[in-house]
Amino acid sequence: MRQTNLFVTTLREAPAEAETMSHQLLLRAGYIRQLAAGVYTYMPLGRRVLRKIENIVREEMDASGAQEILMPSMQPAELWKESERYDVYGKELMKLQDRHEREFVLGPTHEEVVTALVRGEISSYRRLPLTVYQIQTKFRDERRPRSGLLRGREFLMKDAYSFDSAWEGLDQTYEQMYSAYGRIFDRCGLTYRAVQANAGAIGGKGQNHEFMALSEIGEDTVAVCSICDYAANLEQAEVRSGALQEERDFSGLAAPVKFHTPNQKTIQQLEQESHIKPEEIIKTLIYTGGDTTFAVLVRGDHEVNELKVQKYMGCSEIALAEYENVQEAAGVESGYVGPAGMSVTVLVDAAVAGMAEAITGAGEKDYHLRGVVPGRDFTLQHVGDFRNAAIGDTCPHCCEGKLEFHQGIEVGHVFKLGTVYSEKLGANFLDTAGRSQPMIMGCYGIGISRLLSSVAEQNHDDQGLIWPLSIAPYAVHILLMSVKDEAQREAAEALYVQLTSLGIETLLDDRDERAGVKFKDSGLIGIPVTLVVGKGAAEQKVEYIDRRAGTKEVIDVAEAVVRVSGMKTSF
Ligand code: ATP
Ligand code: MG
């Protein structure tokens with residue numbers, strides 16, 4: 001492609017609302033343009049990168065045995081009512097009506113459509129397992145569209161759905177998808193971790209993993225072991241507690257002492273006013289879940305993990321108690337609540353159970369207690385892991401490494417759905433004994449457009465983007481320094497024709513622009529190799545610039561051709 005013909009405009013500065021580097025650079029380098037909040041056009045450069053990612057995904061999906069289909073974005077609302085998601089999916093669901101006032105939605109995902117499709121086509125175990133996938137535009141009216149393509153309202157997703165006749169079959173399909181995802185993200189040059197995740201709104205109780213691109217701007221916190229490959233979302237990360245104390249001998253230990261702490265209702269206030277370290281304090285939090293009220297104790301420097309508490313209590317939802325409930329359970333307003341003498345169930349985090357003595361609320365306004373002894377002053381009947389992992393915690397997997405925290409961007413998700421959708425939508429098959437059974441499903445998503453911006457987020461410098469060769473819009477960028485110099489023009493043209501005929505994707509900057517402008521734009525666009533055709537052209541010399549390494553060398557044109565041809569094999 002000759003740059004004189006390329007539909008691209010680079011910008012000196014990015015619009016003020018573009019906060020993240022990928023968003024700024026993709027706009028400045030002319031890869032994308034915004035139409036509305038979270039709605040983007042892919043310009044030719046952006047479209048090429050997107051297509052390369054799509055092709056990698058396609059190759060790996062096909063290789064794993066999945067078959068490509070394309071389902072409609074327009075989906076009848078009845079299907080969503082059948083799956084009972086029409087109302088619960090919330091405001092993200094884009095709804096519309098046709099001319100006959102029939103209700104439709106614009107698909108944010110396709111579990112309903114694909115399950116309805118397969119129930120009409122397959123009725124016997126003989127035709128299972130089946131995995132289908134599509135690469136398609138999704139619509140989600142996100143509350144806060146963010147960072148360009150990272151959180152769009154219209155975006156490109158690869159979604160795959162598997163149907164098996166047995167759970168072991170699903171396990172196998174899941175494994176295949178999991179490893180295909182690894183190959184896809186490796187090939188795209190992404191730095192990522194696969195983490196155990198929580199089952200969200202998709203439903204189902206099955207195992208699921210999220211693939212997280214590691215990046216400071218990620219919205220999710222991922223706990224990662226410094227030694228082994230353990231990685232989990234913060235809410236899922238287990239905490240390995242030390243061995244519980246043997247029966248303690250309390251004789252000789254003094255009784256707790258009350259002290260005055262007016263207006264010191266938070267850990268921070270206690271630290272500032274009374275010079276107490278957070279790790280000396282026990283936080284007593286009162287929760288309600290279902291129709292019970294209970295207390296959770298964690299150390300002052302730890303955070304309650306509501307998911308873990310929820311599981312332990314067997315509640316589908318829990319929340320911090322309202323004022324009246326706190327008063328009723330603890331006899332005092334929050335800030336001075338303590339576990340001693342509490343009548344409700346008390347869940348004790350293992351770190352609290354391991355404290356020799358601690359400071360707690362006194363159960364009386366404006367007072368705290370010093371010298372509270374776990375096991376003596378409150379019961380250790382319900383001890384467990386009820387807190388979020390913290391930086392420096394021992395890895396729960398290898399028990400040697402320490403946990404580090406990273407921010408992550410979720411680029412992919414693999415999920416064992418089980419029979420949630422097949423039961424609701426009646427996707428059944430006849431098993432070997434002729435019995436009707438619901439199909440066992442899995443779903444597997446990759447945010448294609450989010451992947452593009454995640455790679456951009458991880459690969460840039462102060463000049464601009466640095467694409468991995470596998471998804472770069474072009475492999476080589478020839479910069480013709482002086483259009484008016486005939487020798488240069490001819491050499492650049494000949495090189496361009498030669499590379500193109502070798503099948504190497506080449507962009508030729510043949511614009512009548514100053515050298516400075518060309519270098520600047522080339523740095524911004526981020527093609528892996530730049531060949532500068534300048535003063536050495538008559539001697540068949542070019543400057544070879546490796547964009548990532550930042551190295552520059554003057555070499556023979558023939559040598560440059562050999563080098564870039566060699567690169568091709570690693571596509
Ligand atoms: P998030 O927690 O970021 O909202 P999600 O859990 O809603 O993601 P899924 O429903 O699992 O996402 O969708 C599958 C994949 O689609 C995600 O892993 C992500 O890569 C991508 N994705 C989801 N929402 C968006 C969006 N608004 N813009 C771009 N990509 C998205
Ligand atoms: Mg979401």
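Visitor: Which element gives the largest share of the shell around ligand 1?
Guide: That's β21, with four residues. Keep in mind that this is a predicted model.

Visitor: What makes a residue part of that shell, and which residues come nearest?
Guide: A residue is near the ligand if one of its heavy atoms lies within 4 Å of it. There are 14 residues around ligand 1, and Arg 140, Glu 142, Arg 151, Gly 152 and Glu 410 come nearest.

Visitor: How do you know that Glu 410 makes a polar contact with ligand 1?
Guide: The cut-off for a pair of N or O atoms is within 3.5 Å. A polar side-chain atom of Glu 410 lies 2.6 Å from an oxygen atom of ligand 1, so the pair counts as a polar contact. His 413 passes too, because one of its polar side-chain atoms lies 3.0 Å from an oxygen atom of the ligand.

Visitor: Where is Thr 530 found, and which residues does it touch?
Guide: Thr 530 sits in strand β27, residues 529-533. Leaving out residues up to four places away in sequence, Thr 530 touches His 477, Leu 479, Ser 522, Glu 543, Tyr 544 and Ile 545.

Visitor: What makes the Thr 530 and Ser 522 pair a polar contact?
Guide: The two side chains come to 3.5 Å, and the cut-off is within 3.5 Å, so the pair counts.

Visitor: And the chain as a whole, how many helices and strands are there?
Guide: There are 14 helices and 29 strands. Of the 571 residues, 50% are buried. The chain exposes about 26700 Å², with carbon and sulfur atoms supplying 47% of that.

Visitor: What share of the contacts comes from residues 24 or more positions apart?
Guide: Counting contacts with a separation of 6 or more, the share is 69%.

Methods. Residues are numbered from 1 along each chain as its sequence is written. Chains are lettered from A and ligands numbered from 1 in the order in which they are written. This is a predicted model: local features need pLDDT of at least 70, side-chain atom pairs count only at pLDDT 80 or more; totals for chains, interfaces and linings use all residues. Side-chain values use heavy atoms; hydrogens and water are left out. A polar contact is a pair of N or O atoms within 3.5 Å; within protein, one must be able to donate a hydrogen and the other to accept it, and residues adjacent in sequence count only if both atoms are side-chain atoms. Helices (H or I, at least four residues) and strands (E, at least two) are DSSP runs, numbered from the N terminus. Buried means under 20% relative accessible area, exposed over 50%, partly exposed in between (1.4 Å probe, protein chains only). Contact means heavy atoms within 4.5 Å. Accessible areas come from the Shrake-Rupley method with a 1.4 Å probe; for residues, only the protein chains shown count as cover.
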